[in-house]
Amino acid sequence: MKKRYIALLIALAIVMNVIVLYLFFLFLEMKNQGEYWKYDKGVTIEVNNLSNQSLPNLIFSYSVNKTDYKEVGTIKSLNAGESTQITGSSEEINTGDLSLYLQYYINNGGKKLDSIVYFNIMKPRKAVAVIDIIEVDANGFLKYEMKGFDGLWEFGPEEIGSSEVKY
């Protein structure tokens, strides 16, 4: 009978240690992700239109070499004051040297391309880019603030807005 109690106590001690270790690693993950803990696993792009006008199509894609792009998703016509999200798998991030790009068209038909997140690791469990569109200038260029989590670290906020055009 005494051996059973000892075996039960050992089993309970092992279970408690496993639970404590799980909670410890969960706490570390939550601390590392900060405010981005609430987002789903995979790659999430959240766009908040804080400007006073509708936005053009916003095209998000991955590329290693800035020539071959794999589209993640498109946000079509986001009205003033609206927000939306795109969430996709991180399985497409199969190299540790990959960037996520935002592409949109400006008023003269030109194309603007911005690198918004650089991934140092392959297939991060979670990556988040939060883009707050502040204004759209007379030429169609976006001025926005971006922040997020790249799978390892938080980044931003960083304000972006230039008149560099790619044809």
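Q: Where is S77 placed, and what is its phi value?
A: This is a predicted model, and S77 lies in the loop between β3 (69-75) and β4 (83-88). Phi of S77 is near 40°, a positive value in a residue other than glycine.

Q: Is S77 buried, partly exposed or exposed?
A: A residue counts as partly exposed when its relative accessible area falls between the limits of 20% for buried and 50% for exposed. S77 has 43%, and therefore it is partly exposed.

Q: How many bridges join β2 to β3, and how many join β2 to β5?
A: Six bridges join β2 to β3, and I59 stands opposite T74 in β3. Between β2 and β5 there are five bridges, and F60 stands opposite L102 in β5. Both pairs of strands run antiparallel.

Q: What links β5 to β6?
A: Eight bridges join these antiparallel strands. Y105 has K111 in β6 as its bridge partner. The two strands form a hairpin with five residues between them, and G109 in the turn has a positive phi of about 90°.

Q: How many of the eight residues of β5 are buried?
A: Seven of the eight are buried, and β5 is thus mostly covered.

Q: How is a pair of aromatic rings described, and how many such pairs are there?
A: A pair of aromatic rings is described by the distance of the centres and the angle of the planes. In this model the count comes to four aromatic pairs. One of them is formed by Y69 and Y101, with 5.6 Å centre to centre and 85° between the planes. Planes over 60 degrees apart count as edge-to-face, and this is the arrangement of Y69 and Y101.

Q: Which strands hold Y69 and Y101?
A: Y69 lies in strand β3 and Y101 in strand β5, so the pair ties together parts that are 32 residues apart in sequence. Y69 is partly exposed, at 31% relative accessibility, whereas Y101 is buried, at 6%.

Q: How does one read a nonpolar core, and how many residues has the largest one?
A: A nonpolar core joins buried nonpolar residues, Tyr and Cys counted among them, through side-chain atoms within 4.5 Å. The largest has 29 residues, and those with the most contacts inside it are V47, L58, F60, L100, I116, I131 and Y144. At least two residues of this core come from each of β1 (42-49), β2 (58-63), β5 (98-105), β6 (111-119), β7 (126-136), β8 (142-149) and β9 (154-160). β7 gives the most, with five residues.

Q: Which residues does I131 touch?
A: Leaving aside residues up to four places away in sequence, I131 touches I45, E46, V47, N48, F60, I116, Y144, E145 and M146. A second, separate core has five residues, including Y36, Y39, V130 and F149.

Q: Is N48 buried or exposed, and which residues does N48 touch?
A: N48 is found in strand β1. Buried requires under 20% relative accessible area, so N48 counts as buried at 10%. With residues up to four places away in sequence left out, N48 touches E82, S83, V130, I131, D132 and I133.

Q: Which two residues does the cis peptide bond join?
A: The cis peptide bond joins G156 and P157, with omega about 5°. P157 is found in strand β9.

Q: Finally, where is L9, and how far apart in space are L9 and K112?
A: L9 lies in helix α1 (residues 2-33) and is exposed, with a relative accessible area of 59%. L9 and K112 are 65 Å apart in space, C-alpha to C-alpha, and 103 residues apart in sequence.

Notes. Residues numbered from 1 in each chain as written. Predicted model: local features only at pLDDT ≥ 70, side-chain atom pairs only at ≥ 80, totals over all residues. Heavy atoms only, no water. Buried < 20%, exposed > 50% of the residue type's maximum accessible area, 1.4 Å probe, protein only. Helix = DSSP H or I, 4+ residues; strand = E, 2+ residues; numbered from the N terminus. Contact = heavy atoms within 4.5 Å. Phe/Tyr/Trp six-rings, centres within 6.5 Å; stacked < 30°, edge-to-face > 60°. Pairing = 2+ DSSP bridges.
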